[in-house]
Amino acid sequence: MRSKSQSPINVKLILIGFFLVFLLFLVLRSTFSPSPPQQTQSLDHSVAVSNSSSEDQETEDHHQPSSSSSVDCPSTQTCNKISPSLANALVHYATSNVTPQQTLKEISVSLRVLEKKSPCNFLVFGLGHDSLMWTGLNHGGRTVFLEEDKSWIEQIQSQLPSLESYHVIYDTRITQADELMETGMSNQDCKQVIDPGFSKCQLALKGLPQQVLDIDWDLIMVDAPTGWHDGAPGRMSAIYTAGLIARNKEEGETHVFVHDVDRVVEDQFSKAFLCEGYLVEQEGRIRHFNIPSHKAALARPFCP
């Protein structure tokens with residue numbers, strides 16, 4: 001047990017010891033840990049740099065043209081822009097006093113098929129006031145026109161250069177219709193499914209462009225050549241050849257439309273060579289036939 005005379009000294013030594021330990025703690029802390037003001041300054045500096053970079057990037061993006069500015073619509077949006085072919089058709093018919101040769105109900109027959117098939121391959125016998133309409137309705141597909149009048153092709157091409165058309169020569173006359181019907185029905189060469197260029201049938205249209213023969217057509221419209229007077233070539237060969245092209249397709253079906261079936265030639269030849277068994281519907285002066293490929297079924301008869 002220690003005496004009372006030594007107690008004040010011991011207390012003083014203890015206090016000095018605590019002070020030295022506390023002082024040592026402060027020295028060690030200041031040596032190994034950054035001070036709070038330094039941490040705050042470093043953090044503030046980082047935030048300032050980050051904000052400055054973001055502002056600079058926004059400024060640069062604002063002044064620099066966006067890569068999407070050159071396309072029609074951003075990739076994150078749906079493009080609802082009207083097609084150029086439809087736009088041309090709208091402007092053409094809105095600023096012209098000419099109208100398509102077919103009525104609204106007649107056009108609707110082929111339109112219903114185009115709504116399902118387009119974009120597709122569409123062959124049209126005849127280049128007329130409705131040609132731009134057919135091209136517009138088959139936007140994205142290939143629409144080709146066959147025309148008898150070379151000067152008319154040049155006139156249309158000067159106004160509507162985007163249309164694809166070819167000159168076709170017909171060597172028949174309306175006055176030969178009865179003779180050609182008898183030949184077509186009796187001659188076995190006319191029942192053979194073959195390339196029109198190699199067919200021995202008198203009705204087969206010779207001299208078609210290779211661009212026409214090399215394509216499998218989904219739709220064919222027969223609205224030419226001229227057939228309303230005796231000196232006109234008539235549509236005997238056009239109707240027969242349209243049926244031959246349809247049957248000669250590699251596979252699938254071809255929708256064939258014949259306009260002006262209120263006339264004798266169009267009425268009789270469409271029933272005989274496109275076949276009443278393939279008739280789908282008639283609306284006004286237009287008939288719609290759906291002809292299957294005969295190449296895919298060699299034993300198929302010319303008419304069902």
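Where does Pro225 lie? Pro225 lies in the loop between β4 and α9. The points below start with the whole model and come back to this residue.

1. **What kind of model this is.** This is a predicted model: local features need pLDDT of at least 70, side-chain atom pairs count only at pLDDT 80 or more, and totals for chains, interfaces and linings use all residues. Residues are numbered from 1 along each chain as its sequence is written, and side-chain values use heavy atoms, with hydrogens and water left out.

2. **Overall make-up.** The protein has 10 helices and seven strands. Helices (H or I, at least four residues) and strands (E, at least two) are DSSP runs, numbered from the N terminus. Of the 304 residues, 37% count as buried. Buried means under 20% relative accessible area, exposed over 50%, and partly exposed in between (1.4 Å probe, protein chains only). Take the contacts with a separation of 6 or more: residues 24 or more positions apart account for 65% of them. A contact means heavy atoms within 4.5 Å.

3. **The sheet.** Strands of a sheet pair through backbone hydrogen bonds, either parallel or antiparallel. Here seven strands form an open sheet with mixed pairing, in the order β3-β2-β1-β4-β5-β7-β6. Its edge strands are β3 and β6 (279-283), each pairing on one side only. On average, neighbouring strands are turned by 15° against each other, direction ignored. Two strands pair if DSSP finds at least two bridges between them. Axes are lines fitted to C-alpha atoms, for helices over the stretch in contact, and angles run from 0 to 180 degrees between N-to-C directions.

4. **Two parallel pairs.** Strand β1 (residues 121-125) pairs with strand β4 (residues 219-222) in the parallel sense, over four bridges. In this pair, Phe122 stands opposite Leu219 in β4. Strand β2 (residues 142-147) and strand β3 (residues 164-167) also pair in the parallel sense over four bridges. There, Glu147 stands opposite His167 in β3.

5. **A β-α-β unit.** Together, β2, helix α6 (residues 150-159) and β3 make a right-handed β-α-β unit. Right-handed has a simple test: with the strands pointing away from the viewer, the path from the first strand over the helix to the second runs clockwise.

6. **Helices across the sheet.** Helix α4 (residues 104-117) lies across β1, β4, β5 (253-259), β6 and β7 (286-292). It runs at about 165° to β5. Helix α9 (residues 236-247) lies across β1, β4, β5 and β7, at about 175° to β4.

7. **A helix pair.** Two packed helices are described by the angle between their axes and the distance between the axes. The axes of helix α7 (residues 177-186) and helix α10 (residues 264-275) come within 11 Å and cross at roughly 5°. That makes α7 roughly parallel to α10. Angles under 35 degrees count as roughly parallel, over 145 as roughly antiparallel, 65 to 115 as roughly perpendicular and the rest as oblique. On the α7 side, the contact is made by Ala177, Leu180, Met181, Gly184 and Met185. On the α10 side, Val265, Gln268, Phe269, Ala272 and Phe273 make it.

8. **A buried asparagine.** Asn138 lies in the loop between α5 (131-137) and β2. It is buried, because its relative accessible area is 1%. Its side chain makes a polar contact with the side chain of Thr143, at 3.0 Å. A polar contact is a pair of N or O atoms within 3.5 Å; within protein, one must be able to donate a hydrogen and the other to accept it, and residues adjacent in sequence count only if both atoms are side-chain atoms. Not counting residues up to four places away in sequence, Asn138 touches Leu114, Ser118, Pro119, Cys120, Phe122 and Thr143.

9. **Backbone points to check.** Most residues other than glycine have a negative phi, and most peptide bonds are trans. A cis peptide bond joins Ser118 and Pro119, with omega about 0°. Pro119 sits in the loop between α4 and β1. Asp260, in the loop between β5 and α10, has a positive phi near 70°. Cys275, in helix α10, has a positive phi of about 80°. Cys275 counts as buried, because its relative accessibility is 1%.

10. **Back to Pro225.** A cis peptide bond joins Ala224 and Pro225, with omega about 5°. Pro225 is buried, with a relative accessible area of 1%. Leaving aside neighbours within four places in sequence, Pro225 is in contact with Glu148, Tyr170, Pro233, Gly234, Arg235 and Ala238. The C-alpha atoms of Pro225 and Leu146 are separated by 8.9 Å, though these residues are 79 apart along the chain.
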